[in-house]
Amino acid sequence: MPAVRADKLYKIFGRRPSKAVELLADGRHRDEIASLGVTAAVIDVSFEVQPGEIFVVMGLSGSGKSTLIRMLNGLLPHTSGSVEIEGTDITKLGKSDLRKLRSEKVSMVFQHFALFPHRSVLDNASYGLEVRGVARDQRDAKAREALAMVGLDGLEHKVPGQLSGGMQQRVGLARALAADTDIILMDEAFSALDPLIRRDMQTQLLELQASLGKTIIFITHDLNEAMRLGHRICVLRDGRVAQIGTAEEILNDPANDYVANFVEDVDRTRVLTASSVMEAPIPVVDPGQGPRAALRTMRDSQTQSAFVVRADRTLVGGVNETAVGEAVRDNVKKLDGLVDTLERVHPDTPVADMFGQAAESTYPLAVVDGDERLVGVIPRGTLLAALATPNGDDSHAGTDASESDTAVSGTADGTVGDGREPHGDAEEPQTDPGGDAPATEGSRQ
Ligand SMILES: Nc1ncnc2c1ncn2[C@@H]1O[C@H](COP(=O)(O)OP(=O)(O)OP(=O)(O)O)[C@@H](O)[C@H]1O
Ligand SMILES: [Mg+2]
């Protein structure tokens, strides 16, 4: 069962939304129906997010990202279509069931932290549990654990104003982690941070996700962030889905000119990983084979080296033709002693991080999985070719120039939004029982 499923989801602001849905379903652009006095923010959006996936929604300002994410946890009522959380159609739930589902299953992290300025870091982090009625001891313990996970142990008794922006955002993240929901929604959560801190936060999020297996829906308008974090990326344009795919699919096979132009400026070596450029490991020899057999294998495949791999595909090392040829002449019977150590990379290693290792070795790089099994090899020529391949396809160029220019300039510099949140959504964090309001930008240092 998918963790989150949206099916033909629409959000129309304004009156007579059903007429608008009808016209939009018929393929009209949202600008064409503006005369009805409506704003079509989300149009016919469908996708499934699997448990443990990081699903990134990206698009320019106004493309409908925040509206979409707020419908996913029911903060905003939808106009038509459906949203399922772990199989429950939340569009059919009453207010209290919805609130319960939200507190148990879906947390949200906001761009401007949404912390309570007068509450301690600990009380901010435990907020979701407090709302759920968890006893103080228990929620404090959970919150401390979550704060430690994001590296804020020792700061429990500070107030948000005493922390840097990056630390405040960690508190926001800790709050989501303490609530221990399977699903975390993050709306431009890192956009207000400066680039180095932002990168740290991305790394931390990836690590946390890998260890905790959360399902994360992450909104950004920074393409590089999207490509770094997303297992899959959904590109929104004017409320509609332009493409859903992995970073590589979007980069190598953009669905249309709009997406092609969007990805034009991406650093390919950061996006492409070992698994996307590796080749089949040919030839391989078994460590039990002798030099004579190994030499024949290399000659048959016309290569000057071979990978030595056990029957269970674990990698032992590499042998080269010169050494093996000499061993044959000297009548050596075993490969032992001829095997060189190889540079190894993981399938997820970005191409950019492999150049140093490739330069160290005369062998192709060996791509091994977590169990040290050889899954592929990367000859140096392949690495360089990966750099040279242009994005997309020339046939995509230019028919949509004016729009596309906007797309590129809107994302290349990772510009942050204007901080405007859609109206009437201030439910989370809900009104603080103590009466203080959530801190927004104002309390950041
Ligand atoms: N409550 C509202 N009432 C009317 N129109 C709204 C409302 N909320 C959003 N909109 C409109 O819906 C469209 C999508 O807005 P949304 O905030 O979802 O975009 P976004 O992709 O999150 O943009 P940003 O990157 O600036 O945050 C915009 O045209 C916006 O003006
Ligand atoms: Mg937004």
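# Briefing on the fold and its local features

Alanine 6 has phenylalanine 47 as its bridge partner in strand E2. This pairing belongs to a predicted model, in which the protein contains 18 helices and 16 strands. Of its 445 residues, 42% are buried. Among contacts with a separation of 6 or more, 67% are between residues 24 or more positions apart.

**The four-stranded sheet**

- Four strands form an open sheet with antiparallel pairing, in the order E2-E1-E4-E5. Its edges are strand E2 (39-49) and strand E5 (88-89), each of which pairs on one side only.
- Strand E1 comprises residues 4-13 and is mostly covered, with seven of its ten residues buried.
- Seven bridges hold E1 and E2 in antiparallel pairing, and the pair of alanine 6 and phenylalanine 47 is one of the bridge pairings between the strands.
- Towards E4, E1 is joined by five bridges, and these two strands also run antiparallel. Here aspartate 7 has serine 82 of E4 as its bridge partner.
- Strand E4 (residues 80-85) is in turn joined to E5 by two bridges, again in the antiparallel sense. Isoleucine 85 has threonine 88 of E5 as its bridge partner.
- As background, strands of a sheet pair through backbone hydrogen bonds, either parallel or antiparallel.

- Helix H1 covers residues 17-25, and its buried residues are Ala20, Val21 and Leu24. Viewed down the axis of H1, these buried residues fall within an arc of 100 degrees, so they line one face of the helix.
- In general, an α-helix has 3.6 residues a turn, so residues three or four places apart point the same way.
- The cover over the buried residues of H1 includes strands E1, E2 and E4.
- Ser18 and Glu22 are exposed on the other side of H1.

**The nonpolar core**

- The largest nonpolar core has 117 residues, and Val56, Ala174 and Ile217 are those with the most contacts inside it. Helix H7 (residues 165-179) supplies the largest share of this core, seven residues. Domain 1 (4-266 + 414-443) and domain 2 (275-387) both give residues to the core, so it lies between them.
- Isoleucine 217 is in contact with Val4, Val49, Phe55, Val57, Ile69, Leu72 and Leu185, leaving aside its neighbours within four places in sequence.

- Strand E12 (residues 305-309) pairs with E13 in the antiparallel sense over five bridges. Serine 305 has asparagine 320 of E13 as its bridge partner.

- Glutamine 302 lies in the loop between helix H14 (291-300) and strand E12. Its phi is near 55 degrees, a positive value in a residue other than glycine.
- Glutamine 302 is exposed because 7 other C-beta atoms lie within 10 Å, and a residue counts as exposed at 12 or fewer.
- Glutamate 372 is found in the loop between strand E15 (365-368) and strand E16. This residue, too, is not a glycine and has a positive phi, near 65 degrees.
- Glutamate 372 counts as partly exposed, with 14 C-beta neighbours inside 10 Å.

**Valine 375 in strand E16**

- Valine 375 lies in strand E16, which spans residues 374-378.
- Valine 375 counts as partly exposed, with 18 C-beta neighbours inside 10 Å; a residue is buried at 20 or more.
- Not counting residues up to four places away in sequence, valine 375 touches Pro347, Val367, Val368 and Asp369.
- Valine 375 and glutamate 279 are 96 residues apart in sequence, while the distance between their C-alpha atoms is 8.7 Å.

Methods: Residues numbered from 1 in each chain as written. Chains lettered and ligands numbered in written order. Predicted model: local features only at pLDDT ≥ 70, side-chain atom pairs only at ≥ 80, totals over all residues. Pairing = 2+ DSSP bridges. Core = buried A, V, L, I, M, F, W, Y, C linked by C-beta atoms within 7 Å. Domains from an automatic or database assignment. Contact = placed C-beta atoms within 7 Å. Arc of directions from axis to C-beta.
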